[in-house]
Amino acid sequence: MVYGQDMLWGAGNAASVQGGFPLKDIRAEGGILHYHYLGDVVVGLTAMAGNILPYEAEIYYFYPVVCLFMILSLYAVAKEYTGDKNKALLFPFALLFLNGMGGNSMEIMRNMNNVATATLFTSALLCLIFSLDKRENLRTKKSFLALVLLGVGSILTKNMYGAMVLCAILAALAAGILFSKKIDKWAVISAATLAIVLLFTYIFVFNGANNNLVLQPKNNIFTQLVGIFKQQPIGIILFVVAGIISIRHIKSLSFSLYLVNAAAIGSVLAYLLFSHYSGSEIYFVYLAIYFFIICAMDGIDVTLKIKPVAVCMAVLAAALMAGEVITLAPVGRKGIQIAMRSLDMRPQYPLTTQSIQSGDEEGAMYLRENMAKGEVFAVNRTSRDMQGGDGVRHYYTAMSGRQAYVEGWRYIMDYGYDYYQLRYRLEQVEDVIYQQDDTETAYSIARENGIDYLLVSLPLKPKGFAGDSPVFKNDAVEIYKVK
């Protein structure tokens with residue numbers, strides 16, 4: 001099997017918790033984690049409390065619970081915004097199941113990079129803001145303390161989510177001053193509070209990370225906008241309807257309505273203006289779709305009064321649901337095939353140099369059980385050339401929870417790890433240590449680099465490497481203790 005890179009990356013981040021704070025990147029000795037912080041910490045603490053693997057805590061415990069609470073939070077924020085239970089039920093349904101022409105918003109559930117966690121915290125944060133907008137009696141010190149905690153949660157799980165909410169509050173304040181000629185003092189306090197939270201998290205958590213989200217406007221803007229529309233056509237159509245209604249009453253709109261519209265438009269603009277080397281600006285699209293649907297709630301009543309339009313919407317909704325089923329069918333089929341192969345009910349996939357076998361897991365467990373605190377292992381599977389299965393280069397650290405000299409490199413660069421130091425480590429592993437035909441020379445170089453164990457992935461074992469008396473061996477790996 002070839003594992004997904006982000007799943008194993010998250011499990012490895014969670015495993016870093018056992019080493020204490022600040023969290024160290026177990027994929028490269030000396031690296032410090034700065035991103036996806038809160039979600040990974042919770043997974044790591046769950047694993048420690050349950051005495052289970054971080055991988056198990058992430059897949060079997062953390063994400064199912066988070067996804068459940070995320071769905072509940074979607075209902076809660078929509079109910080607080082609209083005051084209507086029936087409309088509130090439509091929000092999680094539309095967000096998760098009415099995107100059959102694009103399918104990306106379903107990634108809110110499936111994405112392993114804390115999108116569900118960030119959506120949960122952001123929904124709770126917005127729910128509080130909507131409540132403060134409606135009820136003056138809630139504007140107490142306790143409420144603003146809750147604002148701080150939820151702001152921390154939103155920013156520390158997906159910093160662009162919390163930052164977008166802050167920008168939307170500022171835009172809503174500006175709109176209130178421009179059109180309604182008023183200043184909501186509680187909103188000013190909220191904006192200041194979130195700005196302070198963002199500043200402190202940057203100083204104490206994100207500082208040192210590389211911001212690979214760069215200002216690089218996209219070409220073919222019309223094509224990009226069509227792509228976004230295809231991912232949530234009903235929500236965007238109703239957003240436009242609600243927008244037309246709002247413009248007619250723009251001087252008397254609530255702060256909350258200004259906010260959600262600003263967030264929807266701002267998220268689209270952010271997607272069009274910024275780029276990331278691995279396409280992470282797509283998270284702005286997820287956020288835009290989220291706010292499009294909230295805004296769409298204001299256009300439902302008017303639309304349903306026009307029978308032909310209502311019928312067309314119903315037909316489109318049915319088509320989108322059918323498209324969603326078609327989109328998810330291959331995922332379900334693949335899951336069934338994997339289960340059948342695990343039960344020996346179907347032939348196994350042919351082995352390649354990217355395959356993970358049961359022997360790889362056994363090797364990782366040996367490292368977990370035998371490596372002492374402070375010891376470091378090296379592995380010859382680093383994907384230095386960026387070819388092959390991305391997930392493989394995070395496997396041994398994710399499963400063992402033990403510190404690697406270097407395993408993979410792409411995401412490590414996000415943490416401000418020195419490029420030349422990283423290249424040196426990769427070259428020491430790929431071009432020097434594992435190329436030695438003399439065991440003592442290999443051990444000597446390993447000792448100079450602070451390496452205590454050498455793990456050899458047998459499908460990638462260099463022909464000239466001569467290991468002597470491995471402490472662990474099976475059909476997938478060999479492990480040598482550096483003497």
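**View 1. Helix H19 and its buried side.** In helix H19 (residues 439–448), the buried residues are Thr439, Ala442, Tyr443, Ile445 and Ala446; buried means under 20% relative accessible area, exposed over 50%, and partly exposed in between (1.4 Å probe, protein chains only). Helices (H or I, at least four residues) and strands (E, at least two) are DSSP runs, numbered from the N terminus. Looking down the axis of H19, its buried residues fall within an arc of 165°, so they line one face of the helix; the arc is that of the directions from the helix axis to the C-beta atoms. Glu440 and Glu448 are exposed, on the face turned away from the buried side of H19. The buried residues of H19 pack against helix H18 (419–432), S4 and S6, with contact meaning heavy atoms within 4.5 Å. Just after H19 comes Gly450, with a positive phi of about 75°.

A word on the model: it is predicted, so local features need pLDDT of at least 70 and side-chain atom pairs count only at pLDDT 80 or more, while totals for chains, interfaces and linings use all residues. Residues are numbered from 1 along each chain as its sequence is written, and side-chain values use heavy atoms, leaving out hydrogens and water.

**View 2. The four-stranded open sheet.** The strand order is S3-S4-S6-S5, and the pairing is mixed. At the edges sit strand S3 (377–379) and strand S5 (472–473), each of which pairs on one side only; two strands pair if DSSP finds at least two bridges between them. Helix H16 (residues 358–370) packs on the sheet, where it touches S3, S4, S5 and strand S6 (477–481), and its direction makes about 20° with that of S6. For that angle, axes are lines fitted to C-alpha atoms, for helices over the stretch in contact, and angles run from 0 to 180 degrees between N-to-C directions.

**View 3. Strand S4 and its two partners.** S3 and strand S4 (residues 453–457) run parallel, joined by three bridges. Ala378 has Leu454 of S4 as its bridge partner, and Phe377 stands opposite Tyr453 in S4. With S6, the pairing of S4 is antiparallel, over five bridges; there Val456 has Glu478 of S6 as its bridge partner. S4 is covered on both faces, with Tyr453, Leu455 and Ser457 buried on one side and Leu454 and Val456 buried on the other.

**View 4. The largest nonpolar core and another one.** A nonpolar core is a set of buried Ala, Val, Leu, Ile, Met, Phe, Trp, Tyr and Cys residues joined through side-chain atoms within 4.5 Å. The largest one has 87 residues, and those touching the most other members are Phe91, Ile129, Ile169, Phe255, Leu259, Tyr290 and Phe291. Helix H13 (residues 282–296) gives the most to this core, 15 residues. Leaving aside neighbours within four places in sequence, Phe255 is in contact with Ile129, Asp133, Ile169, Ala172, Leu173, Asp184, Trp186 and Ala187.

**View 5. Leu178 on helix H8.** Leu178 lies in helix H8 (residues 159–180) and is exposed, at a relative accessible area of 52%. Leu178 and Lys251 are 73 residues apart in sequence, yet 8.7 Å apart in space, C-alpha to C-alpha.
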